[in-house]
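Let's take one part of this model and look at it slowly.

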Amino acid sequence: MLYIRADGNTQIGMGHIMRCLSIAEAAVALGAEYEPVFLVADEGCCGMIEKRGFHVTVLHTDYKNMISELPQLKKLLDRERDILLVDSYQADTAYFEAVSELAFMVCLEDMGEPYPVDLLINYNLYAPKLREKYRLNGKPLNTLLGAEYMPLRSVFQKDIEYHVKDKVTDVMITTGGSDPYFAAGAFTDAFLSAEHEFFDGDDKNQITWHIVSGPFNAFADRLKETYGEHENVVIHEGLKDLKALMKRCDVVLTATGSTVYEVSVLGVPMIAFYFAENQRQGAEELAELTDIVNVGCFCDDRVSVIGKAVETLKKCVDNKEYRMLLYKQERRLIDGKGAGRISSEIFRLQKERHSREM
């Protein structure tokens with residue numbers, strides 16, 4: 001059995017759940033003997049997982065205190081037959097040491113921590129630079145490193161044609177599954193105030209601003225109250241087809257995370273920012289590998305970040321050649337097959353282990 005341990009809520013967003021759903025779907029497509037089962041701390045993200053056709057077991061624990069769930073995992077897991085994939089920033093070395101006794105352990109990791117697991121996956125663009133950190137007792141861990149292992153959702157693995165238009169008419173603002181600092185509002189205010197800088201004369205209202213309000217957005221009502229009457233602002237709540245909206249837009253302003261890879265596989269010109277330290281390396285590597293502008297950490301200096309975002313958007317509006325350059329660079333970053341590669345390697349290693357033990 002493949003168990004997947006991940007959480008999603010207003011504090012941490014939905015990135016962990018979304019990428020694990022991609023791996024689960026790939027496992028099913030590869031002919032997994034049993035359908036994956038998700039383990040979550042609380043009911044917050046159950047609906048989203050169940051809508052994708054997977055069973056969820058709620059542990060009724062505090063997602064920040066994962067070691068407390070060990071008694072339940074001991075009853076549930078069998079090292080001889082079960083795989084446990086963990087995707088959580090709350091899991092630490094003590095947790096992995098304990099759970100490794102209970103199942104074949106796989107983890108997704110971002111920061112270069114060499115956890116004691118059977119397979120460690122870091123799909124980020126900067127991951128190959130961390131290879132030497134992934135060693136325990138002088139020995140390298142089994143790892144999958146780099147964007148070729150990014151577990152994109154299946155919808156982003158097909159119908160990815162995109163055309164760079166002559167004029168910028170639609171811009172997306174997305175802050176992930178949650179927006180604890182109301183960044184969407186801050187960026188939208190700045191863009192609306194600067195509209196006269198983007199176009200001259202009668203063209204100044206040519207841009208439609210598309211705000212994506214994620215499932216855990218604590219400021220969803222405030223967005224509607226603030227911008228509901230703006231004829232050129234559209235708030236997308238409960239969005240069912242994010243890809244279609246991305247393909248409609250000429251520029252995407254996004255927080256770094258899984259969305260960056262979804263935008264890249266299409267090639268929509270992008271402006272990046274980040275909220276937390278665990279997102280910094282991704283934003284910096286994106287800017288190093290391409291001409292995408294990383295406008296910085298919103299939490300550290302929102303005034304500077306917003307100013308750079310306005311400046312960079314103006315460059316996108318003024319310069320189609322720049323947008324074409326971003327399109328070509330982004331398309332080279334990722335091929336969309338990472339979830340399948342991860343699932344294949346998990347099952348290969350498990351079979352190899354069983355062969356040795358027989």
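What follows is one request and one connected answer.

Q: Please take a close look at helix α9 and its surroundings. Which residues of α9 meet residues of α12?

A: A word on the basis comes before the tour. This is a predicted model, in which local features need pLDDT of at least 70 and side-chain atom pairs count only at pLDDT 80 or more, while totals for chains, interfaces and linings use all residues. Residues are numbered from 1 along each chain as its sequence is written, and side-chain values use heavy atoms, with hydrogens and water left out.

Helix α9 covers residues 258–266, and helix α12 covers residues 320–331. Helices here are DSSP runs of H or I with at least four residues, strands are runs of E with at least two, and both are numbered from the N terminus. Two packed helices are described by the angle between their axes and the distance between those axes. For α9 and α12, the axes come within 7 Å and cross at roughly 110°. An axis is a line fitted to C-alpha atoms, for helices over the stretch in contact, and angles run from 0 to 180 degrees between N-to-C directions. The two helices are therefore roughly perpendicular to each other (65 to 115 degrees; under 35 is roughly parallel, over 145 roughly antiparallel, and the rest oblique).

Now to your residues: V263, S264, V265 and L266 of α9 meet Y327, E330 and R331 of α12, where contact means heavy atoms within 4.5 Å. Sorted by class, this contact has four nonpolar, one polar and two charged residues. Ala, Val, Leu, Ile, Met, Phe, Trp, Tyr, Cys and Pro count as nonpolar, Asp, Glu, Lys and Arg as charged, and the others, Gly among them, as polar.

E262 lies in α9 and R153 in the loop between β9 (143–145) and β10 (170–174), so the bridge ties together parts 109 residues apart in sequence. A salt bridge is a side-chain nitrogen of Lys or Arg within 4 Å of a carboxyl oxygen of Asp or Glu. Both E262 and R153 are buried (under 20% relative accessible area; exposed is over 50% and partly exposed in between, with a 1.4 Å probe and protein chains only).

How does that pair compare with others? The structure holds 23 salt bridges. One of them joins D118 and R79, with the closest N and O atoms 3.3 Å apart. This pair also links distant parts of the chain, 39 residues apart. D118 is buried at 19% relative accessible area, and R79 counts as partly exposed at 22%. Another salt bridge, 2.7 Å from N to O, joins R348 and E345, which both lie in helix α13, three residues apart, about one turn of the helix.

Let's finish with a nearby stretch of sequence. Strand β13 (residues 251–255) pairs in the parallel sense with β14 (residues 270–274) over four bridges, and strands count as paired if DSSP finds at least two bridges between them. A255 has F273 in β14 as its bridge partner. Both strands belong to an open sheet of six, in the order β12-β11-β10-β13-β14-β15 with parallel pairing. β12 and β15 stand at the edges, each with a single partner strand, so one side of each has no neighbour in the sheet.
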